[in-house]
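Here is a short report on a protein model, written for someone new to reading structures. Keep the picture open while you go through it.

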Amino acid sequence: IAVAYEGEVVIGVLYDPHMKELFTAIRGQGATINGEPIEVGQEERLGDATVGMESPAGSQSIVECLKVIQPLMPAVRTIRMF
């Protein structure tokens, strides 16, 4: 869920029920996971990154999502789907 004000996203919230993780972020105030501050990773190579993505609802959406994920998988450390 995101809130935009004057065309800019200012608040974001994401819950991953499988991992029981609640991510929140407020523009200019940082981000948290389950209430603990988090920071952007220092990875310089895509291969060291963890990629998070969501598949929209719908029976065809997972098929389309997998088309994108498949070529990306060998290039990154891991992919987390929400």
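Predicted model: local features only at pLDDT ≥ 70, side-chain atom pairs only at ≥ 80, totals over all residues.

## A bridge within the helix

The side chain of Glu-64 meets that of Lys-67 in a salt bridge, with 3.3 Å from N to O. Lys-67 comes out at 53% relative accessibility, so this residue counts as exposed.

Where do Lys-67 and Glu-64 lie? Both are in helix α1, which covers residues 61–72. They're 3 residues apart, and that's about one turn of the helix.

In total, the structure holds 3 salt bridges. The general idea is simple: side chains of opposite charge can pair when their charged atoms come close. Another of these pairs is Glu-8 with Arg-27, whose closest N and O atoms are 3.2 Å apart. Glu-8 sits in strand β2 while Arg-27 is in the loop between β3 and β4, so this pair ties together parts that are 19 residues apart in sequence. As for accessibility, Glu-8 is partly exposed at 43%, and Arg-27 is exposed at 51%.

Then there's Asp-48, which forms a salt bridge with Arg-45. Here, too, the closest N and O atoms are 3.2 Å apart. Asp-48 has 31% relative accessibility and counts as partly exposed, whereas Arg-45 is exposed, with 54%.

## A look at the pocket

How much space lies in the largest pocket? It's about 670 Å³. The lining is made of 24 residues, and those nearest the centre are Phe-23, Ala-31, Ile-38, Glu-39 and Val-40. Sorted by class, the lining has 12 nonpolar, 6 polar and 6 charged residues.

Several strands take part. At least two lining residues come from each of β2 (8–16), β3 (21–26), β4 and β6 (50–53). Which strand gives the most to the lining? That's β3, with 4 residues.

## Zooming in on Ala-31

One of the residues nearest the pocket centre, Ala-31, lies in strand β4, which spans residues 30–33.

Leaving aside residues up to four places away in sequence, Ala-31 touches Thr-24, Ala-25, Glu-36, Pro-37 and Ile-38. Ile-38 is also among the residues nearest the centre of the largest pocket. Now look over at Glu-54, 23 residues from Ala-31 along the chain: the C-alpha atoms of these two are separated by 19 Å.

## The whole chain

Time to zoom out. The protein chain has 1 helix and 7 strands. Starting at the N terminus, the elements run β-β-β-β-β-β-α-β. Taken along the principal axes, the C-alpha atoms fill a box of roughly 35 × 30 × 30 Å.

What share of the 82 residues is buried? Buried residues make up 12%. The accessible surface comes to about 6,600 Å², and 59% of that belongs to carbon and sulfur atoms. Finally, take the contacts with a separation of 6 or more: residues 24 or more positions apart account for 37% of them.

Methods
Residues numbered from 1 in each chain as written. Heavy atoms only, no water. Contact = heavy atoms within 4.5 Å. 1 Å grid on protein atoms, 1.4 Å probe; cavity = no way out; pocket = protein on both sides within 12 Å on 5 of 7 lines; lining within 4 Å. Points joined across faces, edges and corners; volume = space filled by probe spheres on them. Nonpolar A, V, L, I, M, F, W, Y, C, P; charged D, E, K, R; others polar. Salt bridge = Lys/Arg side-chain N within 4 Å of Asp/Glu carboxyl O. Buried < 20%, exposed > 50% of the residue type's maximum accessible area, 1.4 Å probe, protein only. Areas by Shrake-Rupley, 256 points an atom, 1.4 Å probe, with all protein chains shown as cover.
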